[in-house]
Protein chains: 2
Amino acid sequence: MDMIDFLERGDEYFIPNLSIDLVIIGYRDKKLRCLLLKLGEKWMLPGGYIRRSESVDEASARIMKERTSLENPYLRFLSVFGKHDRQFREEWKEFFETNGQPWKPEYWINNRFVTLAYYSLVNIATTHPAVGELDEAFTWADFDELPAMWMDHATIIASVRERLKEDIKHEQVTYNLLPGQFTMPELHQLHQTILKEDIDRSRFQKKMLSTGLFERLPRLQKEAPGRNPYLYRVKG
Amino acid sequence: MDMIDFLERGDEYFIPNLSIDLVIIGYRDKKLRCLLLKLGEKWMLPGGYIRRSESVDEASARIMKERTSLENPYLRFLSVFGKHDRQFREEWKEFFETNGQPWKPEYWINNRFVTLAYYSLVNIATTHPAVGELDEAFTWADFDELPAMWMDHATIIASVRERLKEDIKHEQVTYNLLPGQFTMPELHQLHQTILKEDIDRSRFQKKMLSTGLFERLPRLQKEAPGRNPYLYRVKG
DNA sequence: TCAAAAGTGTTCCTGTTACACCCATGT
DNA sequence: ACATGGGTGTAACAGGAACACTTTTGA
């Protein structure tokens, strides 16, 4: 056992950069959507880095707040993306050159990154995205019709969609995607959009109400032809 | 938007070291056990670092193989441990000094670490742990009577136990902890140990067999008083 | 009074739970 | 034969799936 030897060959091991990417999920016009930022010709997920004073979870919450101003969003860890070739030299070079900016191979952003992906469920109507220093615009992109994405961000988005399907089997989280008051048909439609399959209305409603999570408000009046649905909100 | 500015304040962000820790779980004498390595006066989880050529998952598999010689173990990601004060200056200093080795504050192992914890389910009888360069011994420690642990490794172990409880509700993974041939009473006892609660024998057996994962071998002969149980193995 | 959309009820089926009972074997 | 421990069966119950029915309201 030679501890000094162990310590001095520390750089035999690569210390990858560590980033955080956020998949901020919303729902509008019967479509699941994802907040994307425009960087040059392609789009990317909002993200950032960890500061000295922060835990990893705190960093994700800060980045979330910087981007959306939301204080206590539904925010969960998704998974680690850490393939050995996960570095973006060519992507950055292309971007810099098309923008007439100098690019240097030694920029730290060219190194390999391991990223911790988080996902958040938000109500689009009350979320006001801020664009950052590099990105020019934002969009709530339809999950099923994503634009060209930088790096491996399309892969991350694909995996969050599968995770969502698993989540709603076990726990009630989807109301985070809706306004404070919503109807059962709306919640029903949302679940069908997430699962991409038809759900029996009767069973769905009974299942939702049996959780005891929701409370019924007076029935909506005169909004649409036919019988109008009750409004619900989350208890507490 | 000033990209140069963005690039040059890269070190405003801390780049934490990234490590991997393995919780290698076994089962012996009706107790769930965890492979620990002795380092000085306390114990720690086996772990390591990521190499340039490796994805994060490949690194965990390599470390697993280095420690146990197992080629295709059941190995899954647990979670990220990344609290802001997750650095082990004092721990390392104490260890070095009690071992009469020089300790320097600038050693890379003193910096903050974010660790990716993985867990693995193995059969203790066919797993032959190797001790590394620093550690002096190994043990299969009872989950419910852990020795003093370095750093936050006790926290990691606590969280893997909860994960296991969740896992066995959804999928059949526990046979990884048993020899290639096992009896239903053994599997039953194992599940009770993991869940820390009694499970109805009849229901348990029917549930296991209804998965279609197991095939029955000839009944065990003359091993113990009373009727002897059938042996099963995983199909395939 | 009919169509449209919401909401409720009925039946069938499956899987869970708790418990009773039957089988094999050593003492 | 009986105690011990493995293995199987059954009745009560809860939850899921499919579908039929009722309610509300505008045209």
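Analyst: A polar contact is a pair of N or O atoms within 3.5 Å; within protein, one must be able to donate a hydrogen and the other to accept it, and residues adjacent in sequence count only if both atoms are side-chain atoms. The model is predicted, so local features need pLDDT of at least 70 and side-chain atom pairs count only at pLDDT 80 or more, while totals for chains, interfaces and linings use all residues. Residues are numbered from 1 along each chain as its sequence is written, chains are lettered from A and ligands numbered from 1 in the order in which they are written, and side-chain values use heavy atoms, with hydrogens and water left out.

User: Which element gives the most residues to the surface near DNA strand D?

Analyst: A residue is near a strand if one of its heavy atoms lies within 4 Å of it. Helices (H or I, at least four residues) and strands (E, at least two) are DSSP runs, numbered from the N terminus. Helix 6 of chain A and helix 6 of chain B each give two or more residues to this surface. The most, four residues, come from helix 6 of chain B.

User: Which part of DNA strand C is 2.5 Å from a polar backbone atom of A:Y230?

Analyst: A:Y230 is among the residues that come nearest to DNA strand C. B:R203 is another of these, with a polar side-chain atom 2.3 Å from a phosphate oxygen. B:D200 instead places a polar side-chain atom 3.4 Å from a base nitrogen. The backbone atom of A:Y230 faces a phosphate oxygen.

User: How far apart do the C-alpha centres of domain 1 and domain 2 of chain A lie?

Analyst: Domain bounds come from an automatic or database domain assignment. In chain A, domain 1 covers 3-170 and domain 2 covers 178-234. Their C-alpha centres lie apart by 32 Å.

User: How much area do domain 1 and domain 2 of chain A bury between them?

Analyst: Buried area is the accessible area (1.4 Å probe) that two parts lose on being put together, summed over both. Carbon and sulfur atoms carry 66% of the area in this case. The total is about 990 Å².

User: How many salt bridges does the rule find across the interface of domain 1 and domain 2 of chain A?

Analyst: A salt bridge is a side-chain nitrogen of Lys or Arg within 4 Å of a carboxyl oxygen of Asp or Glu. Over all chains the count comes to 26 salt bridges. Across this interface the number is one.

User: In which helix do A:R62 and A:E66 both lie?

Analyst: The side chains of A:R62 and A:E66 meet in a salt bridge at 2.9 Å, N to O. The two residues are four apart, about one turn of the helix. That element is helix 2 (residues 56-68) of chain A.
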